Amino acid sequence: MAVSQLAPDWLSYPADANALRPIEWASGVARGADGQLEVQGIPVAELKESFGTPLYVLDEDDFRARARAFKQAYDAAFADLCGGVDVYYAGKAFLSVEVARWVTEEGLRLDTASGGELAVARRAGVPAANLGLHGNNKSVAEIETALGLGLGRIIVDSLDELERLGTVATRLGRTANVMLRLTPGVHAHTHEFIATAHEDQKFGLSMAEGDTVPGADGTAEGTSPAAVAVTRALRHPAINLLGLHCHIGSQIFEPEGFALAAERLLAFLAGVKDTHGVELPELDLGGGYGIAYTEQDTPREPAELAAAMAAVVRSACARLGLAVPRISIEPGRAIVGPTTFTLYEAGVRKTVAVDTETGTAERRYVAVDGGMSDNARPVLYDADYTAVLASRVTDAEPIVSRVVGKHCESGDIVVRDVYLPEDVAAGDLIAVPATGAYCWALASNYNYLGRPAVAAVRNGQARLIIRRETEEDLLARDMGA
């Protein structure tokens with residue numbers, strides 16, 4: 001079979017189809033003596049028996065270690081500059097009450113992006129001072145909740161939102177702690193839908209210079225939406241302007257984009273000092289650091305990222321005559337993404353003939369008991385994943401395979417191209433690594449499938465942190481049921 005003709009350039013033929021690339025898996029995942037995939041010694045067959053499939057399997061010890069690594073690396077790199085760094089965990093990537101507690105226990109803060117995520121944080125007992133609220137169109141109710149709690153910061157995306165926030169804060173007699181999200185015009189090398197620092201998208205205040213904007217009193221407010229926002233925020237009695245925020249995208253590997261964004265925001269801070277005589281005390285440099293989904297991905301260690309960023313901030317602040325502001329970062333998926341894999345049971349399979357430039361080749365389709373309802377990223381972003389036969393090892397020939405779901409959509413693809421053993425059959429367990437971020441969070445009930453459970457493993461013990469949805473759950477909101 002000329003299967004290699006179907007493999008993309010980056011997918012190398014495996015010397016051992018049973019091997020795992022550690023960079024794609026949590027530290028507690030390995031093959032056991034019988035060939036089964038294990039998490040901290042717990043075989044996947046045991047996890048299936050206890051919790052069913054599909055199942056998100058999260059290595060809690062690995063999660064905590066990754067959170068600590070970011071906090072310790074950035075604190076060390078910035079210790080002599082600003083006393084350390086505030087690391088914000090991205091609740092939108094994956095959030096539950098237990099996860100919010102882990103984040104707090106490991107010394108991190110928490111970003112939320114809705115009233116629902118705030119409710120989870122409150123249930124977990126996260127201190128309000130350690131919470132941030134994102135979102136380009138926060139409702140009045142969400143703003144009222146944030147102000148009532150005394151949130152550590154509210155990230156403002158537009159002039160309209162700044163006005164709305166000021167109005168609500170004045171009505172409630174509260175002071176809003178504000179970070180202004182700016183778009184520094186840095187184009188990260190990432191998917192169009194997750195690149196967030198260019199002008200033509202919904203997030204942030206443009207730093208692009210234009211005509212001077214007059215204020216209500218006739219005095220100039222600034223020459224860009226970002227400059228106008230600073231002027232209005234500083235003048236508003238109900239707004240405490242903490243500083244600036246930027247986020248250039250997600251799944252980014254190269255540090256140059258972060259360095260350029262930092263340079264531009266620090267120069268903007270220097271301009272604020274010159275114009276208003278104010279040195280804003282905080283600067284969030286975002287994050288969105290990449291993880292390894294497949295063998296083509298090469299993530300960097302937190303210490304390397306921290307050292308590079310500290311060097312840029314040190315140099316730029318010295319050159320601009322600025323006191324170093326308190327720095328915060330948002331690693332994004334880099335904490336939770338690699339900690340989790342999704343466990344599926346294989347069902348039907350079929351082999352098809354595919355025409356290639358050099359003839360005909362075969363592709364194996366392997367269907368699993370989940371799909372786009374538990375991992376929407378392939379259909380949303382053309383995201384690539386890999387997969388392994390998890391329930392056993394085999395000497396069977398590897399064949400280019402496509403792992404697909406059970407939904408009534410031709411685009412319901414979990415893994416587009418992967419080498420799996422030729423003898424994969426119904427009842428085998430398939431594991432897809434690096435599904436901790438944006439999989440459960442984006443999960444749906446398409447075709448009325450219940451969302452999967454999440455099992456966390458710590459110290460060799462597994463437990464549910466989110467239970468599986470049942471048919472009763474699905475019918476509970478149907479008023480005709």
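Author: What follows goes from the annotated positions to their places in the fold and then to their contacts. The model is a predicted one, and the annotation itself comes from an unreviewed UniProt entry, which lists R333, R377, Y381, E409 and Y438 under "binding site". These positions are spread over 106 residues of sequence, and they are spread in space as well, with up to 27.3 Å between C-alpha atoms. Among them, R333, R377, Y381 and Y438 are included in the lining of the largest pocket.

R333 belongs to helix α10, which covers residues 333-336, while R377 belongs to helix α11, which covers residues 377-381. R333 has a relative accessible area of 4%, so it counts as buried, the cut-off for that word being under 20%. R377 is likewise buried, because its relative accessible area is 4%.

Leaving aside residues up to four places away in sequence, R377 touches Y293, R333, D382, A383, Y385, A437, Y438 and L442. R333 and Y438, which R377 touches, are also listed in the record for the binding site.

Beyond helix α11, T386 lies in the loop between α11 and β18 (388-389). T386 counts as buried because its relative accessibility is 15%. With residues up to four places away in sequence again left out, T386 is in contact with E24, Y293, T294, V415, V418, A431, V432 and P433.

Technical notes
Residues are numbered from 1 along each chain as its sequence is written. This is a predicted model: local features need pLDDT of at least 70, side-chain atom pairs count only at pLDDT 80 or more; totals for chains, interfaces and linings use all residues. Side-chain values use heavy atoms; hydrogens and water are left out. UniProt positions are given in the numbering used here, feature names are shortened, and annotations may be inferred rather than shown by experiment. On a 1 Å grid over the protein atoms alone, a cavity is a set of points where a 1.4 Å probe fits but cannot get out, and a pocket is an open set with protein on both sides within 12 Å along at least five of seven lines; lining residues have an atom within 4 Å of a point. Helices (H or I, at least four residues) and strands (E, at least two) are DSSP runs, numbered from the N terminus. Buried means under 20% relative accessible area, exposed over 50%, partly exposed in between (1.4 Å probe, protein chains only). Contact means heavy atoms within 4.5 Å.
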